[in-house]
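Visitor: I'm new to this structure and would like a close look at a single part of it. Could you take me through one stretch slowly and show me what surrounds it?

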Amino acid sequence: RIAAGTPTERSNVVGELINGSASSVAASAELLNRSDVAVIQHEYGIYGGADGDEVVDIMKGLTVPSIVVCHTVLKDPTPHQRSVLEEVVTLADQVVVMSDAARERLRSGFAIDATKITTIPHGAALPTTTALKRSGRPTLLTWGLIGPGKGIERVIDAMAELKNLPHPPRYLIAGRTHPKVLAAHGEAYREGLQAQAQRLGVADSVVFDSAYRSAEGLTALMQSASVVVLPYDSKDQVTSGVLVDSIASGRPVVATAFPHAIELLGSGAGTVVGHDDPAALVGALRRLLTDPRVSGSMASEARDLAPSMAWPVVAGAYLALGQRLVAARLAAA
């Protein structure tokens with residue numbers, strides 16, 4: 001666990017990494033060496049040092065095989081971000097990406113050994129119950145940690161165009177403000193969205209819900225939605241756990257054209273719209289809200305895709321990869 005100030009009392013945490021501490025970096029590497037395989041989750045903002053480059057020192061201390069899971073592969077990294085990721089990949093025995101878009105970007109944009117790359121999808125918890133028949137007002141849902149870049153403004157603008165439908169929707173924004181956003185700016189972003197809804201005359205149809213939900217509660221929330229909307233500003237995102245969970249819940253998705261959405265929704269589980277095309281967003285939402293055949297077809301495709309994303313399937317792929325690395329290490333000894 002990366003220490004966040006207060007030591008954990010959870011029994012399943014065997015050690016804590018203190019960013020900026022050379023002795024902690026060495027101790028963390030030693031703890032990882034007690035396992036058969038070290039799995040390193042890579043994200044620039046997780047580890048200490050410039051662009052999280054302390055992870056390189058941890059990996060240099062490993063004597064066991066390592067699997068690096070790349071959560072972010074930037075299209076236009078800084079020179080230092082590029083060098084950090086290239087060194088991480090060089091030190092790793094295998095690198096896992098969670099989308100074909102990430103794989104292609106890593107292969108074409110970085111000086112790495114492409115034979116190390118394996119694609120394993122982001123996992124999701126599949127629903128254990130059948131969704132109840134939705135009644136009452138249709139619900140558009142955006143969920144996850146809230147902050148600038150989520151593009152929620154786009155959907156609030158669209159709500160002004162959808163309020164005259166025979167069955168006007170409500171827009172539910174579920175999630176707490178991102179802790180880093182909260183620490184730096186308080187609730188300014190959320191308050192700005194509320195003011196926007198008020199200004200457009202849709203405040204009664206835009207609902208903010210910051211309640212914490214368990215995994216089961218979150219699945220039930222997604223299943224209750226008519227449409228999940230992911231209106232993100234990013235044109236760069238190659239991995240989205242929220243997108244995967246939304247598809248796994250069996251709901252149609254409308255998303256802006258970030259790479260992971262283009263890839264996963266291309267077979268018909270949802271609609272991708274341009275970031276700067278408000279008319280396309282309104283059109284996609286109106287179509288899903290007024291044509292049951294369209295929404296039913298998308299939901300069916302989402303349910304067909306879901307089994308390949310189930311956590312047991314994903315875990316099995318990691319286990320097989322780890323077993324291959326251990327066997328190769330033993331054979332070379």
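**A close look at one helix and its surroundings**

Guide: Happy to. Let's start with a landmark: H122 sits in the loop that links β4 (117–119) and β5. Keep in mind throughout that this is a predicted model. With a relative accessible area of 18%, H122 is buried, since the cut-off for that word is under 20%. Setting aside neighbours within four places in sequence, H122 is in contact with M98, T239, G241, V244, M309, W311 and V314.

Now follow the chain onward through β5 (139–143) to the loop between β5 and α5, where you will find G147. This glycine counts as buried, at 4% relative accessibility. Its C-alpha atom lies 9.1 Å from that of K180, although G147 and K180 are 33 residues apart along the chain. Again leaving out neighbours within four places in sequence, G147 is in contact with V181 and Y189.

Helix α7 runs over residues 188–199, which makes 12 residues. From first C-alpha to last, α7 reaches 16 Å, close to the 16 Å expected at 1.5 Å a residue.

Let's turn to its two sides.

What covers the buried residues? Take α5 as the partner to examine: α5 and α7 pack at an angle of about 15 degrees, and their axes are 10 Å apart. That angle makes α5 roughly parallel to α7, as angles under 35 degrees count as such. The crossing of these two helices, α5 and α7, is right-handed. Where they meet, α5 brings I152, E153, I156 and D157, while α7 brings Y189, L193, Q196 and A197.

One last stop: just after α7 comes G201, which takes a positive phi of about 75 degrees.

Notes. Residues numbered from 1 in each chain as written. Predicted model: local features only at pLDDT ≥ 70, side-chain atom pairs only at ≥ 80, totals over all residues. Heavy atoms only, no water. Helix = DSSP H or I, 4+ residues; strand = E, 2+ residues; numbered from the N terminus. Expected span 1.5 Å × (residues − 1). Axes fitted to C-alpha atoms, helices over the stretch in contact; angles between N-to-C directions. Parallel < 35°, antiparallel > 145°, perpendicular 65-115°, else oblique. Left-handed = near helix turned anticlockwise from the far one by under 90°. Contact = heavy atoms within 4.5 Å. Buried < 20%, exposed > 50% of the residue type's maximum accessible area, 1.4 Å probe, protein only.
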